[in-house]
Amino acid sequence: MPTDVSTDATVLLRLDEADELAAAWVCALAERRGIRALLIKGPALHLHGLREERVSADVDVLVEPSRFEELCEAIVESGWATRPSGLIGELTTLHSTTFMRDGWPCNLDVHSFFPGFLTDPAHVFKSLWRHRWTIPLAHRNCLTLDKVAGALVLGLHSMRGTTMQARHAEELEQLIRTPFTADERTDLGSLARETGCLATLEIVLRRIGVDLEPSAAELASPDLREWRELVSAGSHGSYFWLRALRKSRWHDRPRLLWRAFWPSRRDLLIARPETVDTLR
């Protein structure tokens, strides 16, 4: 006798499964639209021997800057939603947009540029594109970074959080201990100069064996000063409020100070979603 059986099924993805599927999906989406995109960080770093294998909560993709908005719109049209951000995130996170989707334990973090590269973002992307490398994910060939470009991105990423998270400090030390051939060190220096990170990664590159002087323009860049302040602060929240205050107009500063010391209910719930939403 036939019985009514529901065809609805819920598939719970593990984080590692979701990472691989989301990475392959966003690469396919960009390719269909003719948008150049590169996976950054992720499993390629382990395959290159730059860091230990780990599962990330985010899939990071760097997009050619002129097509950034187009890819973001395509992601939203496909059912993903922009992750809510508090006031300070809206004011200071200018390089990336994060997307989330119900049922997916990972986020998509889409970058128009990567902090620490001081030359023009379009020029940086063009340089990194020449260092693209293919990796199979979810039965699809995806574009990511080769060992040299991946080392620069990992170095910049780790430097931002070494004072706040021991993991970043450990990953930075592992990167420095990674064996590089003479040709790879030459390529590291050339790419670092081309993308404007000889000054931001100066200490790391010297320890790897790349001893090149940054250009006068790089040393004089206001972005370098901001980078050094960010690294010194360890990406601590107070740094971002101070940065926002410094860049704001005088008549906006009282409002920013008030929000820094007395966050809105929305900001509190975004920062601490587990908080019970009461007046108190």
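I begin with Leu143, which lies in strand S7, residues 140-145; helices (H or I, at least four residues) and strands (E, at least two) are DSSP runs, numbered from the N terminus. This is a predicted model, in which local features need pLDDT of at least 70 and side-chain atom pairs count only at pLDDT 80 or more, while totals for chains, interfaces and linings use all residues. Residues are numbered from 1 along each chain as its sequence is written, and side-chain values use heavy atoms, with hydrogens and water left out.

Leaving aside neighbours within four places in sequence, Leu143 is in contact (heavy atoms within 4.5 Å) with residues including Cys27, Leu39, Trp129 and Trp133. Leu143 and Ile40 are 103 residues apart in sequence, and 9.1 Å apart in space, C-alpha to C-alpha.

My second topic is a helix pair. Helix H6 (residues 147-159) packs against helix H8 (residues 182-195) at an angle of about 55°, with the axes 9 Å apart. Axes are lines fitted to C-alpha atoms, for helices over the stretch in contact, and angles run from 0 to 180 degrees between N-to-C directions. H6 is therefore oblique to H8: angles under 35 degrees count as roughly parallel, over 145 as roughly antiparallel, 65 to 115 as roughly perpendicular and the rest as oblique. On the H6 side the contact is made by Lys147, Val148, Ala149, Ala151 and Leu152; on the H8 side, the residues include Glu184, Asp187 and Leu188.

Finally, the aromatic rings. How many aromatic pairs does the structure hold? There are 4; rings of Phe, Tyr and Trp (its six-membered ring) pair if their centres lie within 6.5 Å, and planes under 30 degrees apart count as stacked, over 60 as edge-to-face and the rest as tilted. Trp25 and Trp80 form a stacked pair, 6.0 Å centre to centre with 25° between the planes. Trp25 lies in helix H1 and Trp80 in the loop between helix H3 and strand S3, so this pair ties together parts 55 residues apart in sequence. Trp80 is buried, with a relative accessible area of 4%. The rings of Trp80 and Trp104 have centres 5.6 Å apart and planes at 50°, so that pair is tilted.

Note on methods
Buried < 20%, exposed > 50% of the residue type's maximum accessible area, 1.4 Å probe, protein only.
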